[in-house]
Amino acid sequence: HMIGMGPFIPHKDTPFRDFPAGSVKMTLFLLSLARIMLPDVLLPATTALGTMKGDGRQKGVLAGANVIMPNLSPLSVRKKYMLYDNKAGTEDDAASGMEKLKKQMSEIGYEIVVTRGDYRGEQ
């Protein structure tokens, strides 16, 4: 029901640290392709897109993503879940992170809806 994809970002403490980072452009292309092929799927604009490019999440939504997942983890534990270096939003508390997301989506003409986001396609 959901496809999660984002650009690969190497982490300095993994065996993949020297691998090349993924491409925002390719990720946006794949998001748009997934949207065309699977019109009902839940398709997130990932934090990795926003980390690699400041307006990456907005571009992800414009490419076909229909899910934004805010980081609601307490600040005290966020650094324990660092999938990649320089992850966007790790310094923002939940409230300010949500405000940033609302502003980003508003800039492209979208409004955040806070619901469970259940899959509504064919079952």
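Is E107 buried or exposed? E107 is exposed, because its relative accessible area is 52%. For this talk, buried means under 20% relative accessible area, exposed means over 50%, and partly exposed lies in between, with a 1.4 Å probe and protein chains only.

Hi everyone, a quick word on the model. This is a predicted model, in which local features need pLDDT of at least 70 and side-chain atom pairs count only at pLDDT 80 or more, while totals for chains, interfaces and linings use all residues. Residues are numbered from 1 along each chain as its sequence is written, and side-chain values use heavy atoms, with hydrogens and water left out.

Back to E107, then. Its salt-bridge partner is K103, with the closest N and O atoms 2.8 Å apart. A salt bridge here is a side-chain nitrogen of Lys or Arg within 4 Å of a carboxyl oxygen of Asp or Glu. K103 and E107 sit four residues apart in helix α5, about one turn of the helix. Helices are DSSP runs of H or I with at least four residues, numbered from the N terminus. K103 counts as exposed because its relative accessible area is 55%.

Helix α5, residues 94-107, also holds E99 and K102, three residues apart. Their side chains meet in a salt bridge at 3.8 Å, N to O. E99 is partly exposed, since its relative accessible area is 48%, and K102 is partly exposed at 40%.

How many salt bridges does the structure hold? There are five. Another one links D55 and K53, again at 3.8 Å, N to O. D55 is partly exposed at 28% relative accessibility, and K53 is partly exposed at 34%.

Now, please look at Q58, in helix α3, residues 56-63. Q58 counts as buried because its relative accessibility is 6%. Leaving aside neighbours within four places in sequence, Q58 is in contact with Q104, M105, E107 and I108, where contact means heavy atoms within 4.5 Å.

Last stop: the aromatics. The structure holds one aromatic pair. F16 and F19 form that pair, edge-to-face, at 5.4 Å centre to centre and 70° between the planes. Rings of Phe, Tyr and Trp (its six-membered ring) pair if their centres lie within 6.5 Å, and planes under 30 degrees apart count as stacked, over 60 as edge-to-face and the rest as tilted. F16 is partly exposed at 45% relative accessibility, and F19 is partly exposed at 46%.

Key: Helices (H or I, at least four residues) and strands (E, at least two) are DSSP runs, numbered from the N terminus.
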